[in-house]
Structure formats: C-alpha cells, structure tokens
Amino acid sequence: MGQPESRESEQTQLPPGQRLQRGWPVTHYGPVPKFRPERWEFRVFGATADGDKHCWSHEEFSALPYDTVVADMHCVTKFSMVGAEWGGVRTRTLMELAPPAPEVTHVMVWAEYGFSSNMRLADFTDDRALFATHRAGEPLTAEHGFPVRLVVPHLYAWKGPKWVRGVEYMAADRRGFWEERGYHNVGDPWEEQRYSYQEEPGEGPEL
Ligand SMILES: Nc1nc2c(c(=O)[nH]1)N[C@H]1C(S)=C(S)[C@@H](COP(=O)(O)O)O[C@H]1N2
Ligand SMILES: [Mo]
C-alpha cells in the first residue's frame, strides 16, 4: 500500500528543460582561488542601515549560527543536482546582524576575482537561502567554493557565487557578472528565465 506513495515522494520534480545530473560536477568561470585565512574577510557594505561596513574574519564567520537546508541546484546549461544538504549561515541571520537601509531593493553578492551576481532583496532573503560552508556535513571543497558559497535554491545556480567575500546592499538594481553577459537578470528556473533577451520590461536594468 505505502509503496507507490513512497516511490513518488523520492521522485524529484525538475524545472522545465532540466535533466538530472548524477554526481556533482564542478562548474565555474576562471581559476579556483587560494584561501588565505589571514587575508579573508566577509563584508556587508553599501546601503547598510547604520551606514557602516560590517566585517567578519573567517574565525568570526565560522562562529555564526549554523543552519541546514536541503536543496536542489539547477545550472542554466540544463543539468540539475538534487537533494544536497547544505550547512551554513542563513542570509536572514546575516541580515539581522547587518541590516539594510529601508531603501534597499537589491543586493550584489561579491566573490573572489570580482565575480558577482545581483538579485532582488526578496530573493536574497528567502528563508532557504544560505551562505554554505558545508555540504552533506563536510566542509566545502576548494573547487565547490570553500570557505563560503551562496545557495539560493529557487534561482539558477549562477546566482549562487562560490568563494563569496561580501554583500553589497543596493538602492537600485545593477547587473552582475553573468547578468551582464547574456543571462537573465532574475533567473527563476521554474519560469525558464535563462537569457537576458527573455526579460520583460521591469525585470532588469537596461543592457
Ligand atoms: N565565483 C563563481 N561562482 C560560481 C560560478 C562562477 O563562475 N564563479 N558559476 C556558477 C554556476 S554557473 C554554477 S552551475 C555553480 C556550480 O557549482 P558547483 O561547481 O559546486 O557545482 O556555481 C556557480 N557559482
Ligand atoms: Mo551554471
């Protein structure tokens, strides 16, 4: 009796046009940065509520409240990995420690080598979004983003920079690295928002 039901619950539904990828390939542009703990800091800057920049050393960041989220990851090039358990610091936790000014509508998430991705504040503050330090209980490997990567399960994976170094609060939208290079400004996989030519008026700043 319970059989068909449990089989169904194991079946993960993928967004349109995506196929299931076994294993976990490494996908990014450019080299893997070397982690230097003494030079590393995590910064929240831009339009903060108090006008100050907030910084955490690696030791401080590692001591922030830790949560886990089980999430799928959808690469815009049409493969998806499902059911990973990510551990780290919720974006909401960080926002409570370093709140944005009332006029903030978007954020730019910055990574090593100037990689960046922008998103609406509402996407960034989704309760499943987190700055992951771990996957399946293990620290991230260098090529998967050690020490910190962003995971925003409801957006395409390029919206989750690996090797994150900071968050910029913005009072107006600006395009990040891939958003300037032909990818959709919003990037919702369930709506198949893959490319910038699909953007409707109001979905992104002018290219
Ligand atoms: N810093 C950085 N982060 C990045 C990228 C990148 O090019 N640079 N690529 C993104 C893309 S397109 C994908 S699909 C995922 C892949 O994550 P993975 O290598 O852990 O599978 O990382 C994202 N984060
Ligand atoms: Mo991707």
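**Ground rules.** This is a predicted model, so I note that local features need pLDDT of at least 70 and side-chain atom pairs count only at pLDDT 80 or more, while totals for chains, interfaces and linings use all residues. Residues are numbered from 1 along each chain as its sequence is written, chains are lettered from A and ligands numbered from 1 in the order written, and side-chain values use heavy atoms, with hydrogens and water left out.

Next I looked up polar contacts (here, pairs of N or O atoms within 3.5 Å). An oxygen of ligand 1 lies 2.5 Å from a side-chain N or O atom of Lys 162. For Arg 149, an oxygen of the ligand is 2.6 Å from an N or O atom in the side chain. Gly 160 takes part through its backbone: a polar atom there is 3.0 Å from a nitrogen of ligand 1. The protein buries 96% of the 530 Å² that ligand 1 exposes when taken alone (Shrake-Rupley method, 1.4 Å probe).

**The largest pocket.** Where does ligand 1 sit? I see that its space is the largest pocket (sitting there takes more than half of its atoms within 2 Å of the grid points). On a 1 Å grid over the protein atoms alone, a pocket is an open set of points with protein on both sides within 12 Å along at least five of seven lines, a cavity is a set where a 1.4 Å probe fits but cannot get out, and lining residues have an atom within 4 Å of a point.

I noted about 570 Å³ of space in the largest pocket (the volume filled by probe spheres set on the points, which are joined across faces, edges and corners). Its lining has 30 residues, with Thr 27, His 28, Tyr 29, Phe 115 and Trp 178 closest to the centre.

**The cavity.** I found one cavity of 30 Å³ or more, and the largest cavity holds about 80 Å³. Among its 13 lining residues, Met 73, Val 151, Val 152, Leu 155 and Ala 157 lie nearest the centre.

The peptide bond from Phe 146 to Pro 147 is cis, with omega near 5 degrees.

Terms used: Polar contact = N/O pair within 3.5 Å; in protein donor to acceptor, adjacent residues only side chain to side chain.
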